[in-house]
Amino acid sequence: MPDAPLDLLLLPTWLVPVEPAGVVLHEHGLGIRDGRIALIAPRAEALKHKALAVRELPGRLLTPGLVNAHGHAAMSLFRGMADELPLSDWLQQHIWPAEAKWVDEHFVLDGTELAIAEQLKGGITCFSDMYFFPEIASELVHKSGIRAQITIPVLDFPIPGARDADEALRKGLALFDDLKHHPRLSVAFAPHAPYTVSDDKLENIRMLAAELDAGIHMHVHETAFEVQQSLQQYGERPVARLARLGLLGPRFQAVHMTQVDDEDLALLVASNSSVIHCPESNLKLACGFCPVERLWQAGVNVAIGTDGAASNNDLDLLGETRTAALLAKAVAGSASALDAHRALRMATLNGARALGLDERIGSLEVGKAADLVTFNLSGLAQQPIYDPVSQLIYTSNRDCVEDLWVGGKHLLDGGRLTRLDEQRIIANARAWGAKIARR
């Protein structure tokens, strides 16, 4: 019996599957059926297959959708509010007081919608969100069509939406149960940082995560001061403490890791933990430099995240990836460190692996979800093109993103959001900005 017709056949000039690594397919087609990749073949062969729709993409590069492995979506409404400050002052004197004053369900609703729209327009098909009222964020993810890991924030003190850690975990477990069969949403635990969560709460999270096979997403070794503080309080570095408590492992997502010694590296490798690199936030807050090339060569899975727009100040993962590639060369003292193809892998398949989604997304392979993005490389600044991946990373920006699909659903068409009202979102953000500025 012949195969059913494809729902859509895409015919780009270049197709980069990411896996196998370093491959660029010229004049190939990709077919989508029932939300999954059903065909990758040379153009002439692909055109022999029946398709309900065919889309010619001359001068376009087709890649897996970008995976933003760390961020605080709703904090987009604090964008630019407390710039040019070190992390401790930025967090304790400005962000935490602002959150105490402003963050409620309405803030998270409007801020998360703003972040989702910005990310879709920048080629991001999946993101990890670490913020308050996760049930609000999950509802927006459901409606918008994007894919996400929603995390349950846990701290030793009250937070918006939870009077204490026990309440946060109770609500988180209920959300986990509600979403356990959702095709685009997963739930992970998010103890904020080693310096804000006590041992007993971390042990509880470890137990719950193991029972539910859930990820643990945590700021770790963001600054040298954090490491020094841990040595004084616990007599060990934060990563060593987390290893002793049993949190490290294949589902552990260590965000930042700007301070890495030999012992830290050995623990990350032995536990198969992932590191999520946020270079622009670390640079802006003067936190330090994640040694990406050293981690990579040791076998650590390194993904990339934008962090929140309050400390970045954008959610531009393509720009973040360029910064990561350039910074890795400077830190390693080698021009060959983190080449363009590996940088793209860090922003796609490595991110999917960190979030436990690499069997479903992150590369263009038959059977995987059709999470795809097209980049227009026909502009003046991209010419001539010897390697489209190099041109994507080193000469392009998110303005070249044109089309985006998540699970085969067309969420960005020629740069236009198909499910979200961009002008209404902008108006809401401006209203929040005016209200916060007045106070």
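About 2,100 Å² of area is buried between domain 1 and domain 2, and carbon and sulfur atoms supply 66% of that. The model behind these values is a predicted one. On the domain 1 side, I393, Y394 and R398 give up the most area to domain 2, and together these residues make up 35% of what that side buries. The contact draws on 27 residues from domain 1 and 28 residues from domain 2. As for the division itself, domain 1 is made of two stretches, 6–64 + 370–407, while domain 2 runs over 73–355. Taken over C-alpha atoms, the domain centres sit 30 Å apart.

Next comes the packing inside the protein. In soluble globular proteins, nonpolar side chains tend to end up buried together. Here, the largest nonpolar core counts 114 residues, and F78, F107 and F375 have the most contacts inside it. Helix α3, spanning residues 105–121, is the top contributor to this core, with seven residues. The core also takes at least three residues from each of the two domains, domain 1 and domain 2. Another core lies apart from that one; it has 12 residues, including L30, L364, A370 and L372.

Once its neighbours within four places in sequence are set aside, F107 still touches A74, L77, F78, W102, Y131, W432 and I436. One of these partners, F78, is itself among the residues with the most contacts inside the largest core.

Then there is strand β12, residues 274–277, which is covered on both faces. In a regular strand, side chains alternate between the two faces of the sheet. In β12, S274 and I276 are buried on one side, and V275 and H277 are buried on the other. The strand has partners to go with this. Strand β11 (residues 252–256) pairs with β12 in the parallel sense, over three bridges, and A254 stands opposite V275 of β12. To get from β11 to β12, the chain passes through helix α9 (residues 262–271), and this β-α-β crossover is right-handed. β12 also pairs with strand β13 (residues 301–304), again in the parallel sense, over four bridges. Within β13, A303 is the bridge partner of I276.

Key:
Residues are numbered from 1 along each chain as its sequence is written. This is a predicted model: local features need pLDDT of at least 70, side-chain atom pairs count only at pLDDT 80 or more; totals for chains, interfaces and linings use all residues. Side-chain values use heavy atoms; hydrogens and water are left out. A nonpolar core is a set of buried Ala, Val, Leu, Ile, Met, Phe, Trp, Tyr and Cys residues joined through side-chain atoms within 4.5 Å. Buried means under 20% relative accessible area, exposed over 50%, partly exposed in between (1.4 Å probe, protein chains only). Helices (H or I, at least four residues) and strands (E, at least two) are DSSP runs, numbered from the N terminus. Domain bounds come from an automatic or database domain assignment. Contact means heavy atoms within 4.5 Å. Two strands pair if DSSP finds at least two bridges between them. A crossover is right-handed if, with the strands pointing away from the viewer, the path from the first strand over the helix to the second runs clockwise. Buried area is the accessible area (1.4 Å probe) that two parts lose on being put together, summed over both.
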